[in-house]
Amino acid sequence: MVINSRFFNRSELIGFIVLAAVLFVILPLSLDVFRLNLVAKYLTYAFVALGLVLCWGYGGILSLGQGVFFGLGGYCMAMFLKLEASSVENTKIQSTPGIPDFMDWNQITSLPLFWQPFHSLTFTILAIILVPGIFALIIGTAMFKRRVGGTYFAIITQAVAAILTILIVGQQGYTGGINGMTDLRTLKGWDIRPDHAKVILYFVEVVLLFACIGIAQFIRLTKLGRILVAMREQEDRVRFSGYSVANFKIFAFCMAAVFAAIGGAMFALNVGFMSPSFVGIVPSIEMVIYTAVGGRMSIFGAIWGAILVNFAKTSLSESFPQLWLFGLGALFIAVVLAFPNGLSGLWADYVQPRIDRLFASRKKSDWKDNSVADGAPAE
Amino acid sequence: MSDEANKGLLSPLRRKLLMGMAALPAITMLPRASFAQAPATSAVNSTGLAVTDTEVTVGILHSATGTMAISETGSIEAEKLAIEQINAMGGVLGRKIKFIQEDGASDWPTFAEKAKKLLVNDKVAAIMGCWTSASRKAVLPVMEQYNGMLYYPTFYEGLEQSKNVIYTGQEATQQILAGLNWIAKEKGAKSFFFIGSDYIWPRTSNKIARKHVENVLKGKVVGEEYYPLGNTQFNSVINKIKLTKPDVIFTDVVGGSNVAFYKQLKAAGIDLSKQALLTISVTEDEIDGIGGENIAGAYACMKYFQSLDNPNNKTFVPAFKKMWGEKTVIGDVTQAAYLGPWLWKLTVEKAGSFDIDKIAAASPGIEFKGAPEGYVRIHENHHLWSKTRVGRAKLDGQFELIYETADLVEPDPFPKGYQ
């Protein structure tokens with residue numbers, strides 16, 4: 001039997017079990033609700049990191065604008081929640097009750113047309129997937145069909161992130177401006193703020209994350225995944241073999257956008273607001289850093305990267321409020337210099353061989369055999 | 001004359017005496033505090049806050065890093081000074097104040113996360129914090145959900161009132177109306193040009209200012225322009241100013257943009273000693289960056305200036321400089337931040353409890369006579385009664401007090417006729 005035909009090979013299976021155990025059992029049992037909610041926040045970035053593994057790690061397309069899609073997903077969700085929180089009853093002190101508070105402050109007297117459909121949850125869920133997906137399709141088509149790639153593509157995605165931030169901040173009557181959309185309260189009448197809701201939302205998010213992991217792993221294992229890798233290594237050869245390179249790139253970029261958008265929507269639900277500070281250049285680059293720290297070639301590595309970097313951010317800033325940014329910077333430099341393949345590279349180099357040896361020794365009772373390489377046929 | 005001189009001699013003396021007398025009970029309280037004198041913890045803390053027999057924990061939540069750090073550092077310093085002074089006097093209900101400082105990192109979601117951490121994890125009895133409206137808006141739902149108490153120092157746009165917040169800065173009408181009245185009367189101003197940064201505070205402030213100019217002063221607004229935060233190109237608006245020749249330029253440009261704005265005004269040949277300019281966004285802190293020579297002659301509408309000549313301020317300024325260095329300047333918000341811990345202490349003592357609900361209920365009517373800006377009082381709507389003052393910027397970066405309202409101005413966060 002050939003291991004490659006399985007959905008996960010052995011090392012991935014271990015990664016899957018460890019992650020599932022930690023997220024489903026260990027963390028919920030060991031953390032209080034406040035910390036668990038923080039983990040939920042970290043995990044929203046894990047969606048983005050997952051998308052970047054597909055798009056950057058496998059497809060070789062570095063996007064420095066994932067914040068755009070995270071933001072679009074988050075804003076779609078936030079618009080729905082904000083409308084629900086702005087019922088006439090809740091907003092009776094405003095000059096125009098029934099519209100979001102920031103519109104009232106900006107002298108807008110009726111709900112803008114593009115806000116209307118966000119009264120519907122079904123529309124909102126579709127919009128979370130479709131708006132960023134279609135936006136990525138447009139950018140991707142415009143760029144990849146013209147064979148814009150590499151650094152130029154990265155710069156353009158950054159420009160898009162900057163433009164969207166300026167747009168959101170500038171159109172504050174429609175978007176809440178720099179304040180963002182705050183004070184989100186209920187989802188279809190269900191209060192998202194109390195502790196038990198946070199726990200439920202956490203589990204919903206983890207289930208969604210595993211669904212996305214499944215999709216990413218499926219894409220990786222199909223021929224599509226192999227073409228992505230081939231494209232990264234030798235784009236011209238793939239093109240000469242008759243494949244439309246642009247279409248594959250557009251697909252990878254759109255998938256990454258949709259994953260990021262799901263993360264953004266979960267962020268709005270878990271944290272209770274959305275603001276332009278997740279859309280711009282800085283958060284977009286941070287998202288790439290999570291992936292780099294975890295390991296851009298590894299699905300599980302990138303997810304751990306997102307969790308651990310954010311955890312480090314929280315704990316460093318709690319312990320050293322004045323100095324923590326330096327500590328975080330040093331951590332990044334150290335990781336990139338010492339372990340260019342990120343945490344997953346570290347795992348593959350040091351931990352994995354031991355596990356392999358352990359398995360091998362059980363089967364063969366031979367401690368010295370370490371020839372069972374990853375992906376090699378098993379007996 | 002001699003009467004005046006006597007008074008001048010007497011008042012510092014009397015103040016020293018009073019201070020000495022005020023310190024007496026504090027001294028006698030100190031050794032006993034840990035034994036029987038301080039009320040039992042169970043009696044003053046029925047909701048599980050971080051209060052022990054000897055200590056009470058509060059949170060300080062400002063940006064120590066990021067773009068806002070330059071503005072918020074003054075607030076952090078003022079709050080630490082107030083806490084140290086309160087502790088030196090014996091603390092609150094016989095308990096020393098211990099503070100946990102968290103960094104909002106100029107990032108609104110981080111503010112919300114840290115506020116939640118302070119309330120849920122650390123169970124702080126109060127939070128002194130936030131600066132920008134955006135950070136307050138992010139923190140507000142957290143304060144209301146977990147029933148915390150926030151002392152918010154910045155002058156802001158109003159349109160808000162919460163059981164869980166005490167606003168120690170001015171809301172928009174307190175800051176703007178008296179200043180506009182003064183400049184209309186003093187300079188006979190009829191035409192105004194508004195320039196602001198593009199976010200909620202300048203927009204709301206200008207909305208109130210426009211209604212006041214048009215409906216009350218019967219003047220005219222000849223221009224209203226907004227620029228994104230951080231903008232540094234003001235040439236086009238300066239040209240418009242030259243064309244429209246307004247009697248008064250009214251500005252609420254914030255942060256680093258100010259530096260470019262005033263330098264370009266000067267470079268364009270607009271002399272602020274001839275062209276009246278009224279700002280509601282420049283304090284001593286900002287002049288540090290703008291440079292006194294670029295802004296000398298401009299009028300600022302605030303409630304506090306470092307140069308205020310009153311006994312409270314004369315002890316406050318040296319104490320602040322002693323703790324934080326000779327070169328520090330004290331702006332309006334820094335002073336308002338200093339009020340936070342004091343108002344909280346007075347409220348706790350009046351309520352006889354650290355419970356948030358009791359503090360919220362006891363807050364209206366709390367008076368603080370030792371405020372550097374002079375006597376202040378908390379209104380039923382949790383804002384402060386305070387005076388409006390107009391100062392003229394001098395070359396050395398300080399303001400010279402030109403005008404102050406005779407009485408305290410009532411806070412009115414939801415002004416009728418201005419919305």
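The largest nonpolar core has 173 residues. Such a core is a set of buried Ala, Val, Leu, Ile, Met, Phe, Trp, Tyr and Cys residues joined through C-beta atoms within 7 Å. Buried means that 20 or more other C-beta atoms, placed from the backbone, lie within 10 Å of a residue's own. Ala49(A), Leu50(A) and Ile303(A) have the most contacts inside this core. Its largest share, 19 residues, comes from helix α11 (residues 245-271) of chain A. Helices here are DSSP runs of H or I, at least four residues, and strands are runs of E, at least two, numbered from the N terminus.

This is a predicted model: local features need pLDDT of at least 70, side-chain atom pairs count only at pLDDT 80 or more, and totals for chains, interfaces and linings use all residues. Residues are numbered from 1 along each chain as its sequence is written, while chains are lettered from A and ligands numbered from 1 in the order in which they are written.

Now turn to chain B. Its secondary structure comes to 14 helices and 15 strands. Of its 419 residues, 52% count as buried. The C-alpha trace of chain B spans about 75 × 60 × 40 Å along its principal axes.

Last, the meeting of the chains. Chain A gives 28 residues to the contact and chain B gives 31 residues; two residues are in contact if their C-beta atoms, placed from the backbone, lie within 7 Å. On the side of chain A that touches chain B, the largest share, 3 residues, comes from α6(A).

Terms used:
Buried ≥ 20, exposed ≤ 12 C-beta atoms within 10 Å, placed from the backbone.
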